[in-house]
Amino acid sequence: MVRRVVDLISKLAEACSPALMLRAAANVAVHALTELFPGSSAGIFGREAGRDTLRAVAVANVPDCWAMRAPYQKDVSRGFMLLDMLVVMVLIALLAGFVAPRYFAQFGKSQVKVARAQIDALDKALDSFRLDVGHYPTSEEGLQALVVQPSSELNWAGPYLKKGVPADPWGRPYVYQQPGTHGDFDLFSYGKDGRPGGTGEDADITNW
């Protein structure tokens, strides 16, 4: 049984997206739990997390599981069978080992995509500001000049953003420098770690 579960989850890890893997793994866990606890009921509940749905398994109406007689042992004392516990532990370990890393890796990539989209939107708003005013906001005015008119800019026609200036996906403000070292202005986030440089999710996300 354990071997079949290992093979099944391995195939899921290779072929499915994290969201599909979570749903399928939850169904496997429901089936295993209802097999281990005859007469019990198990169900799946979900919680939205970004674009995916986190799935979990809830078990209810387990009839005296700590005093349940195993059907294949008629004359032994009642108790929770060691094999049952091992199967459940293997399931938990497999779910954690195969599903969680891929899910959180995908989540990290989506945060980087959000940062790139926000920088692109801010870049376009800054261009609109320049067309009306004749120059980009100074470093002192910052990105706030896109939503609040600077006192010296009579031709300001904003706000240039529908909402306020967003923070990056990790909760920190975007860095805006004008004039920039890579163009008319530099706009960037330091990534997940909040420090210059880095690789992967920690890499800087820039407009150049």
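Predicted model: local features only at pLDDT ≥ 70, side-chain atom pairs only at ≥ 80, totals over all residues.

User: In what order do the elements run from the N terminus on?

Analyst: The order is α-α-β-β-α-β-β-β.

User: Good. What is the mean pLDDT of the protein?

Analyst: The mean pLDDT is 74, and 49% of the residues reach 70 or more.

User: Where does pLDDT stay under 50?

Analyst: One such stretch is residues 45-62, for which the model has 42 contacts beyond four places in sequence. Another is residues 64-78, with 19 contacts counted in that way.

User: Noted. What share of the protein's residues count as buried?

Analyst: Of the 208 residues, 32% count as buried. The protein exposes about 12700 Å², and carbon and sulfur atoms supply 57% of that area.

User: And the contacts, what share of them join residues at least 24 apart?

Analyst: That share is 44%, taken among contacts between residues at least 6 apart in sequence.

User: On to the inside, then. How many residues are in the largest nonpolar core?

Analyst: The largest nonpolar core has 21 residues. Leu126, Leu143, Leu146 and Leu187 are the ones with the most contacts inside it. H3 gives the largest share of this core, with 8 residues.

User: Pick Leu146 for me. What does Leu146 touch?

Analyst: Leaving out residues up to four places away in sequence, Leu146 touches Leu122, Ala125, Leu126, Phe129, Trp156, Pro159, Tyr160 and Leu161. Three of those names come back among the aromatics: Phe129, Trp156 and Tyr160 are linked into a cluster by ring pairs.

User: Nice link. How many aromatic pairs are there?

Analyst: The count is 6 aromatic pairs. One of them is formed by Phe188 and Trp208, and that pair is edge-to-face, at 5.7 Å centre to centre with 70° between the planes. Phe188 sits in strand E4 (residues 186-189), while Trp208 is in the segment after strand E5 (205-206), so the pair links distant parts of the chain, 20 residues apart.

User: Why is that one called edge-to-face?

Analyst: Because the angle between the planes of Phe188 and Trp208 is 70°, and planes over 60 degrees apart count as edge-to-face.

User: Is Phe188 buried or exposed?

Analyst: Phe188 counts as buried, because its relative accessibility is 7%, under the 20% cut-off.

User: Switching to charges: how many salt bridges does a search of the whole structure find?

Analyst: The search finds 3 salt bridges. In one of them, the side chains of Asp120 and Lys124 meet at 2.8 Å, N to O. Both residues lie in helix H3 (residues 82-133), 4 residues apart, which is about one turn of the helix. Asp120 is partly exposed, with a relative accessible area of 40%.

User: Which side chain does Glu201 meet in a salt bridge?

Analyst: Glu201 meets Lys192, at 3.8 Å, N to O. Glu201 is partly exposed at 27% relative accessible area, and Lys192 is also partly exposed, at 45%.

User: And Asp193, which side chain does that one meet?

Analyst: Asp193 pairs with Arg195 in a salt bridge, at 4.0 Å, N to O. Asp193 is partly exposed with a relative accessible area of 24%, whereas Arg195 is exposed at 55%.

User: What about Ser110, how far apart are the C-alpha atoms of Ser110 and Glu201?

Analyst: They are separated by 9.9 Å, with the two residues 91 apart along the chain. Ser110 has its place in helix H3 too, and Ser110 is partly exposed, with a relative accessible area of 31%.

User: Great, thanks for the tour!

Conventions: Residues numbered from 1 in each chain as written. Heavy atoms only, no water. Helix = DSSP H or I, 4+ residues; strand = E, 2+ residues; numbered from the N terminus. Buried < 20%, exposed > 50% of the residue type's maximum accessible area, 1.4 Å probe, protein only. Core = buried A, V, L, I, M, F, W, Y, C linked by side-chain atoms within 4.5 Å. Contact = heavy atoms within 4.5 Å. Areas by Shrake-Rupley, 256 points an atom, 1.4 Å probe, with all protein chains shown as cover. pLDDT = per-residue confidence, 0-100. Phe/Tyr/Trp six-rings, centres within 6.5 Å; stacked < 30°, edge-to-face > 60°.
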